[in-house]
Amino acid sequence: SKKVVRRSGMSHGIKVGEVGATKAVRKAQKGASPFPGFGRPNAQEVRQLHTVLARHFGKRRAGRRRREILDTVVGTILSQNTTNTNSHRAFAQLKQRFPSWDAVRVAKPLHVQKAIRCGGLAPKKTKWIKSILKTLHKERGQTSMEFLRKLDKDSVHAELERFAGVGKKTSAIINLFDCNNPDMAVDTHVFRYAVQLGWAPTEKQRKRKGASKPWPAVTRDTVYAHLDATFPDDLKYSMHLILTDTEGGLPVVCGA
């Protein structure tokens with residue numbers, strides 16, 4: 001029988017569960033690439049690379065562990081502009097200091113800042129977190145985002161991205177790890193690998209001769225839209241984790 005590598009995954013300071021039985025994954029409607037006609041990567045190329053990487057680093061499969069969606073949202077906010085180690089510590093201290101998200105919602109900002117200071121940008125992150133918690137409680141009567149589990153991929157993006165501090169990466173992570181919606185989350189590591197592997201157009205290709213207008217600039221958001229449109233849904237979970245939490249490095253130099 002085929003040996004399965006069992007390991008936990010870390011994404012943006014949040015533990016995403018051990019390898020285990022694969023969860024049923026919803027089919028998600030794919031959007032269009034912002035780079036129409038750009039042929040890389042195609043599905044076969046992604047599958048071939050994943051086969052090689054999984055042989056060395058282990059294929060990542062969604063486990064059965066379930067956590068509050070707010071844990072993921074706050075953890076991802078805390079992961080911004082810092083290391084996984086510092087954001088994990090900030091999240092752990094926040095949960096230790098406050099017994100519930102309601103307690104964070106009504107706490108004085110300075111007390112929240114003190115708990116998460118080790119993760120950097122504490123005043124800004126505190127403002128974002130408390131704004132989310134207060135809005136949820138005002139609109140829904142409870143400080144929870146569990147309702148997102150019933151939403152489709154695009155609805156999750158719309159619901160989350162109205163909040164300051166939450167962008168496409170965070171929304172894609174919630175879809176991928178909490179809502180069973182395939183979504184190719186692109187962080188700094190995935191973005192740099194994509195550029196290095198030729199999965200995003202160069203400046204020359206972007207301003208291709210004969211085109212009526214150039215493709216949009218290559219940013220994390222446009223690369224997210226491109227990879228999400230081109231990656232096979234069944235590999236988005238595993239490829240995201242292999243590219244973001246593998247120790248020892250991959251066949252290209254990320255530099256992140």
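**Stop 1: helix α7**

Select residues 153-160, helix α7. The model is predicted. Colour K153, V156, H157, E159 and L160: these are the buried residues of the helix. Now look down the axis of α7. Its buried residues fall within an arc of 165 degrees, so they line one face. An α-helix has 3.6 residues a turn, so residues three or four places apart point the same way. Turn to the face of α7 directed away from the buried side. D154 and A158 are there, both exposed.

What covers the buried residues of α7? Show α2 (69-78), α8 (168-178), α11 (220-230) and α12 (236-245), which are included in that cover.

**Stop 2: the whole chain**

Zoom out. The chain holds twelve helices and two strands. Of the 256 residues, 48% count as buried. Take the contacts with a sequence separation of 6 or more: 73% of them join residues 24 or more positions apart.

**Stop 3: the cores**

Select V73, L94, I132 and M145. They have the most contacts inside the largest nonpolar core, a set of 32 residues. Which helices each supply at least two residues of this core? Show α2, α3 (84-97), α4 (101-106), α5 (109-116), α6 (122-140) and α7.

Stay on L94 and show its surroundings. Leaving aside neighbours within four places in sequence, L94 is in contact with V74, W101, V104, V112, A115 and I116. Another core, of 27 residues, lies apart from the largest one.

**Stop 4: V104**

Go back to V104, one of the contacts of L94. V104 sits in helix α4. Is V104 buried or exposed? The relative accessible area of V104 is 1%, so V104 is buried. Beyond residues up to four places away in sequence, V104 touches L94, F98, V112, I129, K130 and L133. Draw a distance from V104 to L133. The two residues are 29 apart along the chain, and their C-alpha atoms are separated by 8.0 Å.

**Stop 5: α8 and the residue after it**

Select α8. Ten of its eleven residues are buried, so α8 is largely enclosed by the rest of the structure. The buried residues are K169, T170, S171, A172, I173, I174, N175, L176, F177 and D178.

Step past the end of α8 to N180. This residue is in the loop between α8 and α9 (188-196). N180 is not a glycine, yet its phi is positive, about 60 degrees. With a relative accessible area of 22%, N180 is partly exposed.

**Stop 6: α9 against α12**

Show α9 and α12 together. Their axes are 8 Å apart, and the helices pack at an angle of about 95 degrees. That makes α9 roughly perpendicular to α12. Which residues meet here? From α9, select H189, V190 and Y193; from α12, select H240, L243 and T244. The residues of this contact divide into three nonpolar, three polar and no charged.

**Stop 7: α11**

Move to α11. Eight of its eleven residues are buried, so α11 too is largely enclosed by the rest of the structure. Colour T222, V223, Y224, H226, L227, D228, A229 and T230 to see the buried residues of α11. Then show α1, α7, α8, α9 and α12, against which these residues pack.

**Stop 8: backbone details**

Two more places deserve a look. Most residues other than glycine have a negative phi, and most peptide bonds are trans.

Select L121, in the loop between α5 and α6. Phi of L121 is positive, near 50 degrees, and the residue is not a glycine. At 43% relative accessibility, L121 counts as partly exposed.

Finish at R40 and P41. A cis peptide bond joins them, with omega about -5 degrees. P41 is in the loop between β2 (14-18) and α1 (43-57).

Terms used:
Residues numbered from 1 in each chain as written. Predicted model: local features only at pLDDT ≥ 70, side-chain atom pairs only at ≥ 80, totals over all residues. Heavy atoms only, no water. Buried < 20%, exposed > 50% of the residue type's maximum accessible area, 1.4 Å probe, protein only. Helix = DSSP H or I, 4+ residues; strand = E, 2+ residues; numbered from the N terminus. Arc of directions from axis to C-beta. Contact = heavy atoms within 4.5 Å. Core = buried A, V, L, I, M, F, W, Y, C linked by side-chain atoms within 4.5 Å. Axes fitted to C-alpha atoms, helices over the stretch in contact; angles between N-to-C directions. Parallel < 35°, antiparallel > 145°, perpendicular 65-115°, else oblique. Nonpolar A, V, L, I, M, F, W, Y, C, P; charged D, E, K, R; others polar.
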